[in-house]
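Good morning, everyone. Please look at the screen while I put up the model. I'll keep this short.

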Amino acid sequence: MNLKDNCYNPNFTHIYVEEKVFELDVTRNIISLFKRANVIPIRHYKDVFNKNSQDSLKQKESINLILAEKPDNFIYPGAKVCQSFGNAHFYYASSVMNCVFDCEYCYLKGVYPSSNVVIFVNEDDLFREVESILEENEAYISISYDTDLLPFEPLTHHVRHWMEFVDKHDNLTIELRTKSSNGRLLSELRQGINAIDRVILSFSLSPNSIANVYEKAAPSLMARIQCAMVAKEAGYPIRIAFDPMIYDVNWRDQYRGLIATVDRYLDLKSVYDVSVGSFRIPKDYLKRMRKRDPDSSIAQFPYMLEDGVYHYDNDIMEEMEGLMVEELSKYIPKDRIFLWKE
Ligand code: SF4
């Protein structure tokens with residue numbers, strides 16, 4: 001797999017490595033891909049990641065990589081602001097923290113003190129944790145939750161390992177959320193996987209006017225749609241996430257246009273399902289985002305606070321989500337449209 005073609009950031013200049021994972025094969029393989037990087041041993045990832053007085057906005061211009069071991073808790077129950085898509089046992093996995101893309105609305109900016117990326121390399125422990133859940137019940141796990149995993153695939157092969165794991169566990173379904181444009185990588189990953197119907201690819205799409213302004217470093221809308229077309233052809237169930245919807249004076253035309261474009265290329269009635277949700281965020285995360293980025297029109301918008309979650313004023317929120325569901329119902333049966341609800 002060619003690193004430059006497949007990884008969105010092949011230029012990490014500093015790689016911090018916890019001493020306890022230095023000798024692992026996966027660590028050595030990752031380091032070997034960045035020949036010119038400074039490799040710096042550290043005691044614990046938090047010594048770097050949680051340092052005081054970091055300028056996490058500036059760090060986004062030159063993200064560093066941290067390789068570490070996660071002691072436990074790879075898998076969490078689904079959060080209140082997330083959609084479960086009707087799954088009774090809904091979890092998310094946290095194996096990478098932070099993302100090479102830079103969406104202004106990303107809640108991660110309110111969660112972490114740093115923009116550097118942490119990859120937890122002890123994935124065997126993660127899969128052991130999942131196995132103990134699967135002994136009790138079936139599970140639906142969102143695996144690309146605190147990150148977008150695909151850009152790291154040439155480093156970690158983590159998505160491929162998840163897919164192989166799904167193949168061996170028939171009571172597991174995974175969802176991979178992405179803004180990737182790398183259809184070729186997805187086609188390669190799919191090779192030899194039988195349970196592809198339990199690997200849901202969720203493409204998060206915004207109108208051009210939103211994507212161009214607020215989704216920095218992420219592939220364009222059209223590039224994502226083309227990637228979804230390739231993935232659909234390769235047999236993955238495709239979810240289209242119109243989530244988070246971002247308010248703008250022209251939002252009605254922009255989102256109507258987006259639906260028409262998506263239908264033209266992806267034939268909405270033939271996708272697995274779609275999700276809809278206007279921007280919302282837990283109170284403490286928004287508080288940190290506002291402090292961190294005083295010029296962000298998304299962070300500084302006058303949202304309303306309800307039960308610890310900030311969201312658009314009820315009138316705006318209901319109109320945005322209502323219009324979206326109404327428009328989508330012209331293309332896809334209502335039972336395949338999932339609307340975020342607390
Ligand atoms: S792609 Fe997702 S995880 Fe990455 S910055 Fe954007 S919203 Fe955050």
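First, some ground rules. This is a predicted model, so to speak of local features we need pLDDT of at least 70, and side-chain atom pairs count only at pLDDT 80 or more, while totals for chains, interfaces and linings use all residues. Residues are numbered from 1 along each chain, as its sequence is written.

Start at the ligand. Which residues are around it? They are Cys 99, Phe 101, Asp 102, Cys 103, Cys 106, Leu 108, Thr 147, Asp 148, Lys 179 and Ala 218. The shell divides into six nonpolar residues, one polar and three charged. Here Ala, Val, Leu, Ile, Met, Phe, Trp, Tyr, Cys and Pro count as nonpolar; Asp, Glu, Lys and Arg count as charged; the others, Gly among them, count as polar.

Next, the core. A nonpolar core is a set of buried Ala, Val, Leu, Ile, Met, Phe, Trp, Tyr and Cys residues, joined through C-beta atoms within 7 Å. Buried means 20 or more other C-beta atoms within 10 Å of a residue's own; exposed means 12 or fewer; partly exposed is in between; and C-beta atoms are placed from the backbone. The largest nonpolar core has 93 residues. Which of them touch the most other members? Ile 66, Val 117, Val 118, Ile 119, Ile 141, Ile 238 and Ile 240 do. Helix α12, residues 251–266, gives the largest share of this core, with six residues. Helices (H or I, at least four residues) and strands (E, at least two) are DSSP runs, numbered from the N terminus.

Take Ile 141. Leaving out residues up to four places away in sequence, Ile 141 touches Ile 75, Tyr 91, Tyr 92, Ala 93, Val 130, Leu 172 and Ile 174. Contact means that the two C-beta atoms, placed from the backbone, lie within 7 Å.

Now the helix pair. Two packed helices are described by the angle between their axes and the distance between the axes. Helix α11 covers residues 221–233, and its axis comes within 10 Å of the axis of α12. They cross at roughly 35 degrees. Axes are lines fitted to C-alpha atoms, for helices over the stretch in contact, and angles run from 0 to 180 degrees between N-to-C directions. Who makes the contact? From α11 come Ile 225, Ala 228, Met 229 and Lys 232, and from α12 come Val 262, Tyr 265 and Leu 266. Six of these residues are nonpolar, none is polar and one is charged.

On to the backbone. The peptide bond from Asp 243 to Pro 244 is cis, with omega near 5 degrees. Pro 244 lies in strand β13, residues 238–245.

Two residues have positive phi without being glycine. Phi of Asn 73 is near 55 degrees. Asn 73 sits in the loop between β3 (65–68) and β4 (75–77). Is Asn 73 buried or exposed? Asn 73 counts as exposed because it has 9 C-beta neighbours inside 10 Å. Asp 307 has a positive phi of about 50 degrees. Its loop runs between β16 (304–306) and β17 (309–311). Asp 307 has 9 C-beta neighbours inside 10 Å, so Asp 307 counts as exposed.

Last, a few single residues. Arg 177 is in strand β10, residues 172–178. Why does Arg 177 count as buried? Because 22 other C-beta atoms lie within 10 Å. Arg 177 touches Ser 142, Ser 144, Ser 202 and Ser 204, not counting residues up to four places away in sequence.

Ser 187 lies in helix α9, residues 183–190. Ser 187 is partly exposed, because 15 other C-beta atoms lie within 10 Å. Ser 187 touches Val 230 and Ala 234, again not counting residues up to four places away in sequence.

His 161 is in helix α8, residues 158–168. Val 213 is in helix α10, residues 208–214.

Notes:
A residue is near a molecule or strand if its C-beta atom, placed from the backbone, lies within 6 Å of it.
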